[in-house]
Amino acid sequence: NAGVTQTPKFRVLKTGQSMTLLCAQDMNHEYMYWYRQDPGMGLRLIHYSVGEGTTAKGEVPDGYNVSRLKKQNFLLGLESAAPSQTSVYFCASSYSPSVYEQYFGPGTRLTVT
Amino acid sequence: AQSVTQLDSHVSVSEGTPVLLRCNYSSSYSPSLFWYVQHPNKGLQLLLKYTSAATLVKGINGFEAEFKKSETSFHLTKPSAHMSDAAEYFCVAETGTASKLTFGTGTRLQVTL
């Protein structure tokens, strides 16, 4: 089991460019999440999905879009990157809410100049 | 609304001495609570979780936490710190819907010789 993997690990973008971050899990989890981590602020939920074909907004969704076309993949898109989106992005997955633990990927460090 | 407050942004202890990382939560009901650890440039790893079965929860690597409803606290302790414990620790509450997590701002634990 690879667990939760994220691609890419690092990326530098110029303001206005677009990109997609890929999260993949091989644990057959229904629930998947995207977080961003900024210094002194912990992790904040961007978007989440409760199953294939579903997505929902989290705490800080503006400027991001997501898709869950396949159960094992959860994509996070930035259509027009801004310096405020410089952050470390973490993907996580979990079983149904009755089993609460989330498993995290290694993170993607994104810098927008 | 759920919120989590970690009372110390930075804690420094000597190797072999006890560790105490403090966390308070606010919720209209008893939430599920977690402690996660993040080593430098790594993803998050679950240390322990409280889901109302027992108020004293034992986790990995000798850590434990006690849920005190009267004090709305969930402090993390370890009897004897090891150099490998140096990391960032997050207290986290689960909101009860779609396993969404609310993170504290983190406590950086430094362990000195």
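Student: How far apart are the mean positions of the positive and negative charges of chain A?

Tutor: In this predicted model, the mean position of the 10 positive charges of chain A and that of its 8 negative charges are 8 Å apart.

Student: Why is chain A called as compact as a globular protein of its length?

Tutor: The radius of gyration of chain A is 13 Å, and the globule rule gives 13 Å for 113 residues, so chain A is as compact as a globular protein of that length. Along its principal axes, the C-alpha trace of chain A spans about 40 × 30 × 25 Å, and the chain has eleven strands and zero helices.

Student: Why is A81(B) called buried?

Tutor: Buried means a relative accessible area under 20%, and A81(B) has 3%, so A81(B) counts as buried. This residue lies in the loop between strand 9 (73-78) and strand 10 of chain B, and, leaving aside neighbours within four places in sequence, A81(B) is in contact with residues including V13(B), T17(B), V19(B) and V111(B). The C-alpha atoms of A81(B) and V19(B) are separated by 6.2 Å, although the two residues are 62 apart along the chain.

Student: Which residues touch the most other members of the largest nonpolar core?

Tutor: They are W35(B), L48(B), F74(B), L76(B) and Y89(B), in a core of 26 residues, to which strand 10 (residues 87-94) of chain B gives the most, with four residues. Another core, of 20 residues, lies apart from it and includes W34(A) and F74(A). In soluble globular proteins, nonpolar side chains tend to be buried together.

Definitions and conventions:
Residues numbered from 1 in each chain as written. Chains lettered and ligands numbered in written order. Predicted model: local features only at pLDDT ≥ 70, side-chain atom pairs only at ≥ 80, totals over all residues. Heavy atoms only, no water. Core = buried A, V, L, I, M, F, W, Y, C linked by side-chain atoms within 4.5 Å. Buried < 20%, exposed > 50% of the residue type's maximum accessible area, 1.4 Å probe, protein only. Helix = DSSP H or I, 4+ residues; strand = E, 2+ residues; numbered from the N terminus. Contact = heavy atoms within 4.5 Å. Rg over C-alpha atoms; globule rule 2.2 N^0.38 Å. Lys, Arg positive; Asp, Glu negative; His and termini not counted. Charge placed at Lys NZ, Arg CZ, Asp CG, Glu CD.
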